[in-house]
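Student: I would like to go through this structure with you. Could we begin once it is on the screen?

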Amino acid sequence: MERLKQLGLQMEQQMKDSLRYDDKTGFWYDKEDEDVFYTEEGIRLAVYEDMKDTLNYLYSDCAC
């Protein structure tokens with residue numbers, strides 16, 4: 001479980017590294033598109049959803 005927490009924090013940092021932070025608004029913006037932005041909670045949610053989807057795919061019983 002601790003390893004999953006570390007992985008989540010690592011994924012969160014990677015997402016932040018791909019964005020830019022605006023001190024005035026407190027939002028994280030896509031480097032290419034000013035209209036795409038995230039809050040801290042939005043970044044955590046995106047990372048959680050990505051991790052959940054990945055784990056579901058890896059441990060599903062699909063015949064891929």
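Student: Does Lys16 count as buried or exposed, and at what relative accessibility?
Tutor: This is a predicted model, and in it Lys16 has a relative accessibility of 15%. Buried means under 20%, so Lys16 counts as buried.

Student: Where is Lys16 placed, and what is it in contact with beyond its neighbours within four places in sequence?
Tutor: Lys16 belongs to helix H1. With those neighbours left aside, its contacts are Trp28, Glu40 and Ile43.

Student: What about Glu12, buried or exposed?
Tutor: Glu12 also counts as buried, because its relative accessibility is 12%. Its place is in helix H1. Beyond four places in sequence, Glu12 is in contact with Glu40, Ile43, Arg44 and Val47.

Student: Which residues make up the largest nonpolar core?
Tutor: That core has 7 residues, and Ile43 is one of them. Helix H1, residues 2–17, and helix H2, residues 40–58, each supply at least two of the core residues. The most comes from H2, which gives 3 residues.

Student: Changing topic, in what order do the strands lie in the sheet?
Tutor: The open sheet has 3 strands in the order E1-E2-E3, with antiparallel pairing. Strand E1 (19–22) and strand E3 (37–38) are the edge strands, each pairing on one side only.

Student: How many bridges join E2 to E3?
Tutor: There are 2 bridges between strand E2, residues 27–30, and E3, and these strands run antiparallel.

Student: Which residue in E3 is the bridge partner of Trp28?
Tutor: The partner is Tyr38.

Student: Next, pockets. What is the volume of the largest pocket?
Tutor: The volume of the largest pocket is about 180 Å³.

Student: Which residues line the largest pocket?
Tutor: The lining consists of Met1, Leu4, Lys5, Gly8, Leu9, Tyr48, Met51, Lys52 and Leu55. The elements that give two or more residues to this lining are H1 and H2.

Student: How many of the lining residues are nonpolar, polar and charged?
Tutor: The lining of the largest pocket divides into 6 nonpolar, 1 polar and 2 charged residues.

Note on methods: Residues are numbered from 1 along each chain as its sequence is written. This is a predicted model: local features need pLDDT of at least 70, side-chain atom pairs count only at pLDDT 80 or more; totals for chains, interfaces and linings use all residues. Side-chain values use heavy atoms; hydrogens and water are left out. Two strands pair if DSSP finds at least two bridges between them. A nonpolar core is a set of buried Ala, Val, Leu, Ile, Met, Phe, Trp, Tyr and Cys residues joined through side-chain atoms within 4.5 Å. Buried means under 20% relative accessible area, exposed over 50%, partly exposed in between (1.4 Å probe, protein chains only). On a 1 Å grid over the protein atoms alone, a cavity is a set of points where a 1.4 Å probe fits but cannot get out, and a pocket is an open set with protein on both sides within 12 Å along at least five of seven lines; lining residues have an atom within 4 Å of a point. Grid points are joined across faces, edges and corners, and a volume is the space filled by probe spheres set on the points. Ala, Val, Leu, Ile, Met, Phe, Trp, Tyr, Cys and Pro count as nonpolar, Asp, Glu, Lys and Arg as charged, and the others, Gly among them, as polar. Contact means heavy atoms within 4.5 Å.
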